Amino acid sequence: MARIPPQERDIHTPQSSFFPDLLRRAQNPDGGWGYRQGLQSTTEPTAWSILALLAHEGPPDKVISSACDWLRRTQTDEGAWPTSSGKDPGCWVTALACLAMAIAAEGPEGAVSRGTKWLCSTWPAEGNLLWRLRQLRQEKSEIFVHQDHSLRGWGWTPNTASWVEPTAYVMIMLQNLPPQLRPPEASRRLQLAERMLYDRACRGGGWNAGNPLVYGVPGVPRIGPTAWALLALRQHPEHSAVLEGLGWLEEHYQNPRSPASLALTQLCLKVFSRPTRPIEDALCDFYGGSEFLRSTPVVAWASLALGELPRWLGPSSPEKGVI
């Protein structure tokens with residue numbers, strides 16, 4: 001991301017606009033964003049930048065329109081998005097691209113519909129009949145990962161295992177679509193994914209990448225997966241797994257080790273109306289020390305954490321989408 005000395009920042013950029021301004025400066029001429037300024041445009045940073053700028057500045061402008069055009073150009077024939085243009089196969093970033101374009105109201109009947117159909121027709125490898133038969137034939141001592149494999153969400157790539165973060169991204173995206181844009185399989189997939197997240201919660205609260213117990217050893221929760229799982233489950237604030245996850249997140253709120261952890265924790269606690277604290281100075285200190293390693297997604301998360309809650313993290317219901 002662009003380097004802006006603190007003294008210049010105070011003169012030219014309002015504090016509330018610092019991170020959105022960084023995003024605008026980092027947009028590539030083709031309309032997308034790279035993981036760092038100057039790198040090739042890719043789907044994830046482009047989607048996060050769209051969502052952050054829309055939350056901060058309101059209705060789409062030329063920056064958002066050109067970014068959505070880039071997303072439309074890079075969608076595969078089957079409706080998915082790859083991690084970067086020209087690569088196969090489509091993968092987890094499809095959920096982020098669909099969410100960004102739906103919130104921007106850019107082509108929801110076309111690109112978003114094709115993307116959601118691809119997501120709802122793509123299943124992870126575990127949980128199918130052969131997988132479950134193999135599990136039944138194994139002795140208990142041979143089972144390394146103890147979880148209910150019939151509960152499936154989404155993986156990072158097709159035909160692999162379900163993981164917490166890609167599952168949470170798809171859930172949040174589908175929760176924000178009006179019924180007419182949801183594929184017929186969406187309700188069933190959402191129910192399975194919700195149960196999968198509860199099944200994969202770590203003992204004592206929180207989530208790691210997706211394995212709460214391996215070789216008999218409890219998994220260690222991480223802030224990123226915990227925050228995204230909680231945001232996907234925000235419609236169930238009284239569920240025991242949600243309450244335990246929030247408790248674990250609050251314990252680790254005071255001493256975050258990275259700007260990403262701090263931003264995602266702040267965003268999550270705000271969604272659940274839990275007490276928060278001013279973090280703008282702390283984020284600027286992180287930025288002054290490392291420039292967030294010039295990471296576009298982290299700058300977007302910082303912008304989201306400091307602004308008003310984005311509407312895609314508000315309450316939703318099967319009858320009411322955000323579009």
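About 120 Å³ of space lies within the largest cavity. The model under view is predicted, and the cavity count for it comes to one of 30 Å³ or more.

**Stop 1: the cavity lining**

Select Trp-118, Thr-122, Trp-154, Gly-155 and Thr-157; among the 18 residues lining the largest cavity, these are the closest to its centre. Next, display α6 (108–121) and α8 (164–175), each of which supplies at least two residues of that lining. Colouring the lining by class gives 12 nonpolar residues and six polar ones, with no charged residues.

**Stop 2: the whole protein**

The protein contains 14 helices and two strands. Of its 323 residues, 55% are buried. Among contacts with a separation of 6 or more, 67% join residues 24 or more positions apart.

**Stop 3: the nonpolar core**

Which residues have the most contacts inside the largest nonpolar core? Select Trp-228 and Trp-312, which hold that position in a core of 95 residues. Helix α5 (residues 93–103) gives the most to this core, contributing 10 residues.

Centre the view on Trp-312 and show its surroundings. Setting aside neighbours within four places in sequence, Trp-312 is in contact with Trp-228, and also with Trp-48, Leu-51, Ile-172, Asn-176, Arg-234 and Leu-304. Leu-99 and Ile-103 are also in contact with Trp-312, and both are among the buried residues of α5.

**Stop 4: helix α5**

Selecting along it shows buried residues including Val-93, Thr-94, Leu-96, Cys-98 and Met-101. Ala-105 follows α5 and has a positive phi, near 55 degrees.

**Stop 5: Ala-52 in α3**

Select Ala-52, which is located in helix α3 (residues 43–57). Is Ala-52 buried or exposed? Its relative accessible area is 0%, so Ala-52 is buried. Beyond residues up to four places away in sequence, Ala-52 touches Leu-23, Ala-300, Ser-303 and Leu-304. Leu-304 is one of the residues in contact with Trp-312 as well.

**Stop 6: Asn-208 in a loop**

Move to the loop between α9 (186–199) and β1 (213–214), where Asn-208 lies. Why does Asn-208 count as buried? The cut-off for a buried residue is under 20% relative accessible area, and Asn-208 is buried because its relative accessible area is 9%. Showing its contacts, with neighbours within four places in sequence left aside, brings up Val-164, Cys-202, Gly-219, Val-220, Pro-221, Arg-222 and Pro-225.

**Stop 7: Pro-259 in α12**

Select Pro-259, placed in helix α12 (residues 259–271). Pro-259 is buried, with a relative accessible area of 11%. Excluding neighbours within four places in sequence, Pro-259 is in contact with Leu-283, Phe-286, Phe-292 and Val-298. Which distance separates the C-alpha atoms of Pro-259 and Trp-301? They are separated by 8.8 Å, with the two residues 42 apart along the chain.

**Stop 8: the loop between α13 and α14**

Finish with two residues in one loop. Glu-291 lies between α13 (280–290) and α14 (296–306), and Arg-294 lies in the loop between α13 and α14 too. Check the backbone angles of each. Glu-291 is a residue other than glycine with a positive phi, near 55 degrees. Arg-294, also not a glycine, has a positive phi of about 60 degrees.

Glu-291 is buried, at a relative accessible area of 12%. Arg-294 is partly exposed, at a relative accessible area of 33%.

Conventions: Residues numbered from 1 in each chain as written. Predicted model: local features only at pLDDT ≥ 70, side-chain atom pairs only at ≥ 80, totals over all residues. Heavy atoms only, no water. 1 Å grid on protein atoms, 1.4 Å probe; cavity = no way out; pocket = protein on both sides within 12 Å on 5 of 7 lines; lining within 4 Å. Points joined across faces, edges and corners; volume = space filled by probe spheres on them. Helix = DSSP H or I, 4+ residues; strand = E, 2+ residues; numbered from the N terminus. Nonpolar A, V, L, I, M, F, W, Y, C, P; charged D, E, K, R; others polar. Core = buried A, V, L, I, M, F, W, Y, C linked by side-chain atoms within 4.5 Å. Buried < 20%, exposed > 50% of the residue type's maximum accessible area, 1.4 Å probe, protein only. Contact = heavy atoms within 4.5 Å.
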